[in-house]
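Student: Hi! Could you walk me through this model? I'd like to start with the pockets.

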Amino acid sequence: MNLHDWIDELCDVLDVEVELDEALVLDLARDAAHNVQRPAAPITTFLLGYATAVHGADPARVEELAGAASQLAIGWERPADAPDPEDIDDPIPDDSTVDHTADSIDEFDS
């Protein structure tokens, strides 16, 4: 089975009809994997698909969105293990003396 067969079968399973520019998606995945980190590739391509659906994008708009995402990935300068810049100065609370054994997840949902 080749990639085109896989795409056809997957579209059938997902009940979608789409003209797909595989090279565009694969290039975006490569840029995200190489410049951000490997797990960024599937997340980035998923978000491209989501953005495409949300914006009802035509092929030209999909290409624009993919280009913008690729440029972001190519310009990404933060190493994979770098902290989020918004969290760098946040103090880490010390709750080592707190007994959490009776805590439930529901307490944190409010």
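Tutor: Happy to! The largest pocket has 25 lining residues, and Val18, Leu20, Asp21, Val25 and Gly49 are the ones nearest its centre. Keep in mind that this is a predicted model.

Student: How much space lies in the largest pocket?

Tutor: About 820 Å³.

Student: And which helix gives the most to its lining?

Tutor: That's α1, with six residues. α1, α2, α3 and α4 each supply at least two.

Student: What's the lining like by class?

Tutor: It has 17 nonpolar, three polar and five charged residues.

Student: What about the second largest pocket, what volume does it have?

Tutor: About 280 Å³. Its lining has 13 residues, with Thr44, Leu47, Ala69, Leu72 and Ala73 nearest the centre. By class, twelve are nonpolar, one is polar and none is charged.

Student: Switching to α3: which residues are buried there?

Tutor: Ala40, Ala41, Thr44, Leu48, Ala51 and Thr52. They lie on the same side of α3, because they cover an arc of only 110° around the axis.

Student: And what covers them?

Tutor: The cover includes α2 and α4. On the other side of α3, Pro42, Ile43, Phe46, Tyr50, Ala53 and Val54 are exposed.

Student: Last topic, Asp15. Where is it?

Tutor: Asp15 sits in the loop between α1 and α2. Its phi is positive, about 55°, although it is not a glycine. Most residues other than glycine have a negative phi.

Student: Is Asp15 buried or exposed?

Tutor: Exposed, because its relative accessibility is 70%, and the cut-off for exposed is over 50%.

Key: Residues numbered from 1 in each chain as written. Predicted model: local features only at pLDDT ≥ 70, side-chain atom pairs only at ≥ 80, totals over all residues. Heavy atoms only, no water. Helix = DSSP H or I, 4+ residues; strand = E, 2+ residues; numbered from the N terminus. Buried < 20%, exposed > 50% of the residue type's maximum accessible area, 1.4 Å probe, protein only. Arc of directions from axis to C-beta. Contact = heavy atoms within 4.5 Å. 1 Å grid on protein atoms, 1.4 Å probe; cavity = no way out; pocket = protein on both sides within 12 Å on 5 of 7 lines; lining within 4 Å. Points joined across faces, edges and corners; volume = space filled by probe spheres on them. Nonpolar A, V, L, I, M, F, W, Y, C, P; charged D, E, K, R; others polar.
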